[in-house]
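Below is a short briefing for a reader who is new to this structure.

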Amino acid sequence: MVATVLKDKGTYERYRKTVNEIVEKIKNHQGLIRVITHYDADGLASGAILIKMLYRLNKDFHLSIVEHLNEKTINRLQKESNNPLYIFCDMGSAYIDRIAERGMNAIILDHHPPKLRYTKVEEVHQLNPHLFNLNGAREISASGVCYLVAREYKFYDLSIFAIVGAIGDMQHEPFIGMNKFIVNEAREYRYLRSIVKDIVYNAYDLPIWQSIMYCTRPYIKELSDRESVINLLKELGIDPNKTYLEGEERDKLISALKRYVDESQILVDRYIINHKIEDAFYLSEILNACGKMGIGSVGIGAALEDEECIRIGRETYIKYKSEIIEQLRNIETQKLNNIEYFFGKKGTIGHMASLLVRDKPVIGIYEEEGYYKISARGNKLLVEKGLDLSKAMGVASQFGGSGGGHNIAAGARIPKIYLSAFLQKVDEIVGEQLKKEGIKNPIS
Amino acid sequence: MYDKIVNAFFNELKNDKLIKLPESFYDDVRRYIWNKEYGSEREYRRIPYYIRELRKLRLYKAFYGSRENLLEEEREILEVIERFEDISPLKREEEEDKVEKSEIPKPINTQRHIDIVRVLTKFPEFTDGDRVYNLDKNDIVSLDRRISKILEKYKIVKRIKGESYENEKKDKEVLPLL
C-alpha cells in the first residue's frame, strides 16, 4: 500500500484526497485532454502512461513534447481552442502560479521542487512528491507520479513505464521509497518479469562490440572505437557479433574491463519487463535518444510497442550514441578551482556532463538566441559532501537569467555577456558547499 | 474568396462524399490570384496549398467513390490518370465487387474507431465540427479513424499500431505471484 511509503497518517490522507480529486477531474472531463510532457526519457515514459490511460478511459487527447516549459508556451497553450483539461507531466510545478492566474483548468504531475506547496491552486491540481515529504530526485520520478494516478484505475501494467522513467532519471541505484513500491507492484502483477544481476551490455540486442562501444553508462574512453573493442574481444576469444554473453565469456569480459572501470558499473541489476523491448534500461535509452534527437513521438510509439517506432528507435539510439561518443572524444574541459566546464551541443550537454563527472561537478554550455544554456551535473559522492547544484544554478537570477533543479543535476539560462562572471560565482558557491566536510546530504 | 477556399478545403476533409462547389470554382480562384485580390502575403502563400490539397482530396474521393459533384476540370484530370494507368471505372468496379462479395462482409452498424497517431508534419488548423485540431510535428493525438485515414493517406500523420493498448480487461487482470 502507498500508505506504507508515506511518512504518517496525515500525509497519507492528504495524498488520498489529492489523487482522488485528480482521478475524478479526469473522469468527469468530457472534452479534449491536452497533455504537455518533457522530452527526456522520464517525460516520454510519462507520456506513454497518460496516453494508454486516457485511451482506455475513452478520452480525446492531444500530447505535445517540449524541451522546457516557459511563459511563451503557457500563453500559446492558453490560446488554443476546445476548452481542454491540461495535464503537465515532468514540468509545471515551477509555473503553477502562472498557470493558475490564467484560469487554466489543469493537473500538474511533476517531481521537481514546487514553487507553491499547495495541492490545489484555483483550478490547478498538483501531485508532487515534495508535498508529501518524498524526495523527487531519488524516491520517485515524473513517470512514477503519473503511474500513481493510472494505478487508481487499476492499470497496473503501466508500472513498467514508471520503472523505465525512473531509470532514465538515474533513480535506480538502488530503487528506494515510492520507486521501490512501484517496482514491487510491477513484480506482484508480473509486469516486471525478473530482476537479474547481469552485465549491462546484455541489455541491448546488439552485437556485443556495438553494445560496449556505444555504452555510456559506463563510458570507457579507451573502448570508444570499433577497432579497440574488437581487438579486446578477440584477445578474450569472444565472438564480437554475439548479442548475449554468459558463463565463462561473461566472466572473462568483466575481468578485462576492470582495468578501466569498477566492476559495479558493469555488473548491474537488469529489469526484464513485459514489453517487446524486454530490458527497461534499453527502453529508457531509446526514449532518451528519440527525445534528444527531436523525435520524442517515435519514442512514445516505441513504448506503445509500435513495430516501426521500435525499429526507428533502435536506429536512433545508435545514431545518438555515435554522436555522443564523437562529442565526448572532442570535449576539452576547462578547469576552475571547484568546477569543470565545456562548450557543447544542444540536447547533449547535460548527458555528457554527467558522463564526465569525476571529483568535481561538470558544467556543459551551449549558445541559443543570445543566451547560454547551462547544464550542471554532480555525482552521489559530491552531493554527500554538500554539493547543491540547484542553489548554485539559482544565482543565474543575479545575472539576468534563471536557474534551478536538483542538488545532483541542475540547469540555468543566462545572457551571454555574463558567462564568465556567472561561472566564477558558481565556482565560489560550489567551493563553499564542498568545504563543509562531514555533511551527508541525501540526493534531492 | 480566401474564406471560401479555406472552408471548401475543411468541408471536403470532413465529408466522405464530394461537396458541391460552383462549376467556376477554380476559375474564380485563378482570377482572384491574378487580380491580386488576396488580403495579405500570408493568404497569397496559403492559397496554393489549400487548392492543391483540396484537388488531391477530391480526386482521391472520385477515384475510389461516387463522382457526383466532380467538376469538369477535375473530371478531365481523372480521365488522364485513368488512361495513363489503364484503369477504366467499369473494370475497377468489377474488381471491387468481386472482392467485396467474396471477402469483405458488409457492416451492419457503425462504430467510432479511435486511432492513436503521431503527427509527421505541421498541418493547418481544421475542425470536425466538435473539436478544433492544431496538429504540430511530433505531437501524438487521438483521432477518429475517418479523419486519421485521410490524414495518413496524405502523410500528415502515422498511426501507432501498439499491440496491447486496447486490451483493457487483460491489462487489469491480476496474475498470480511469482
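Is A:Phe343 buried, partly exposed or exposed? A:Phe343 counts as partly exposed, because its relative accessibility is 48%; buried means under 20% relative accessible area, exposed over 50%, and partly exposed in between, with a 1.4 Å probe and protein chains only.

This is a predicted model, in which local features need pLDDT of at least 70 and side-chain atom pairs count only at pLDDT 80 or more, while totals for chains, interfaces and linings use all residues. Residues are numbered from 1 along each chain as its sequence is written, chains are lettered from A and ligands numbered from 1 in the order in which they are written, and side-chain values use heavy atoms, with hydrogens and water left out.

**Aromatic rings**

- Rings of Phe, Tyr and Trp (its six-membered ring) pair if their centres lie within 6.5 Å; planes under 30 degrees apart count as stacked, over 60 as edge-to-face and the rest as tilted.
- Over all chains, this rule gives 25 aromatic pairs.
- A:Tyr86 and A:Phe88 are stacked, because their ring centres are 6.3 Å apart and their planes are at 20 degrees.
- Both A:Tyr86 and A:Phe88 are buried.
- A:Phe343 pairs edge-to-face with A:Tyr341, at 6.3 Å centre to centre and with 85 degrees between the planes.
- A:Tyr341 has a relative accessibility of 16% and therefore counts as buried.
- In chain B, one aromatic cluster is formed by B:Tyr2, B:Phe9, B:Phe10, B:Tyr49, B:Tyr50, B:Phe123, B:Phe126 and B:Tyr133.

**Charges over rings**

- A charge sits over a ring if NZ of Lys or CZ of Arg is within 6 Å of the ring centre and within 35 degrees of the ring normal.
- B:Tyr50 has B:Arg46 over its face, at 5.3 Å from the ring centre.
- In chain A, A:Arg226 lies over the face of A:Trp209, 4.7 Å from the ring centre.

- A:Arg270 belongs to strand 8 of chain A, residues 267-273; strands (E, at least two residues) and helices (H or I, at least four) are DSSP runs, numbered from the N terminus.
- With a relative accessible area of 9%, A:Arg270 is buried.
- Beyond its neighbours within four places in sequence, A:Arg270 is in contact with residues including A:Ser194, A:Asp198, A:Tyr244 and A:Asp279, where contact means heavy atoms within 4.5 Å.

**Annotated span**

- An unreviewed UniProt entry lists "domain: DHHA1" for residues 346-431 of chain A; such annotations may be inferred rather than shown by experiment.
- The end C-alpha atoms of residues 346-431 of chain A lie 27 Å apart, and the span is 37% helix and 29% strand.
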